[in-house]
Amino acid sequence: MTKIRIAVAQTATVVAPEGPPALEKAHSTSPFSTIDQNLVNAISYVERAAKDHADVVIFPEYFLQGLVNEHRQYLTFPSKHLITFLQKLAKEHKLSLCGSIVHGTREDGSAPFPESSPFSHIPLTSTPDINTKSKTSSSSITAAQLEWAEYLEKQPSTMEENAKPTLYNTAFFIDDRGELIGEYIKKNLWHPERDYIKAGEEDHKVFETKWGKIGMMICWDMSHPSHAQELANLGADIILAPTFWYATDSEPAIHKYEHDPQYEHQMLQSICFSRCLETETVWVMCNVGGDPLEGFMGGSGVWVPLRGKIASCDVSEKLQVVEIDLDVLKDARNTYKVREDAAKRIAT
């Protein structure tokens, strides 16, 4: 009997204002202040999940950088340092992490990104050792932050070669040893994303964990049943889907017709339950939380065959941990035989 405790961390992501970074005081303030805030928030969620003995914590899509269009592409430049930070965080708290990071690359010949991490001042726990001064409480900018601030001053995102770097929205899975063991680049971009993010082209993959095989999708990928089926064909037992889905995404067309006020929420919930049953997997979707007056709808959850939805979030921020006996997948597959029938079709 294999059990897994999954923590759904429906955070309310702080999104940077449109436009280039505010660097009027470049020598005294962080060039990535919103990422700093989101990191500190993520750390608190990880700590709470660890206290509840979670094995895996899943965060929403864009949970650290927020939206990265409208001259906010600079938020993607230090992406490798975010992954490194999360690797240390996972190792520190001895649990696995999933979410998405947008990686930005620039044309050959452009000034290289600074090698120092602008996030090294943030402690891996919210309660650092009493003898260690928390750098987050200091008003002075660190050397690494200053290097990045000066870089952004010299390479402003308003310059043509910096305004549209190549961006890849990438889901990650970091294990409890801090190893990056799985990545997936979003293939099915929501229509506005296609203006500034490049779709992934690699085949879907699953990766081995102590709980079985895990695959990943991101947000609008879920609307394509064939992509979920590919993961099932590869033997996935758990599918993780970081998501950033607004309650307003069907506007303005939806207003031409009479519709249920909860239409968008119901659509997302139905997709998740359907994909769970179609693939005979544990399906985990973590959406962003926030103020419903700003278009957020939350709705994160965990769906399991023969059990239904066993974790559920409303609209606001929430952490929920659920335990799953993965033997349920064997019983579901024996009962429904969806995977077995799909394998027969592939074989013929």
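Guide: Welcome! A strand here is a DSSP run of E of at least two residues, and a helix is a run of H or I of at least four, both numbered from the N terminus. The model is predicted. With those terms, Cys 219 sits in the loop between strand 7 (212–216) and helix 5 (225–233).

Visitor: Why does Cys 219 count as buried?

Guide: Buried means under 20% relative accessible area. Cys 219 has 5% relative accessibility, so this residue counts as buried. Its phi is also positive, near 45°, in a residue other than glycine.

Visitor: And why is His 71 called partly exposed?

Guide: Partly exposed lies between the 20% limit for buried and the 50% limit for exposed. His 71 comes to 32%, and therefore counts as partly exposed. His 71 belongs to the loop between strand 2 (56–58) and helix 2 (79–93), and has a positive phi of about 65° although it is not a glycine.

Visitor: What lines the largest cavity?

Guide: Its lining is Glu 183, Tyr 184, Lys 205, Phe 207, Gly 215 and Met 216. Strand 5 (180–185) and strand 7 each contribute at least two of the lining residues.

Visitor: How many of those lining residues are nonpolar, polar and charged?

Guide: Three are nonpolar, one is polar and two are charged.

Methods:
Residues numbered from 1 in each chain as written. Predicted model: local features only at pLDDT ≥ 70, side-chain atom pairs only at ≥ 80, totals over all residues. Heavy atoms only, no water. Buried < 20%, exposed > 50% of the residue type's maximum accessible area, 1.4 Å probe, protein only. 1 Å grid on protein atoms, 1.4 Å probe; cavity = no way out; pocket = protein on both sides within 12 Å on 5 of 7 lines; lining within 4 Å. Nonpolar A, V, L, I, M, F, W, Y, C, P; charged D, E, K, R; others polar.
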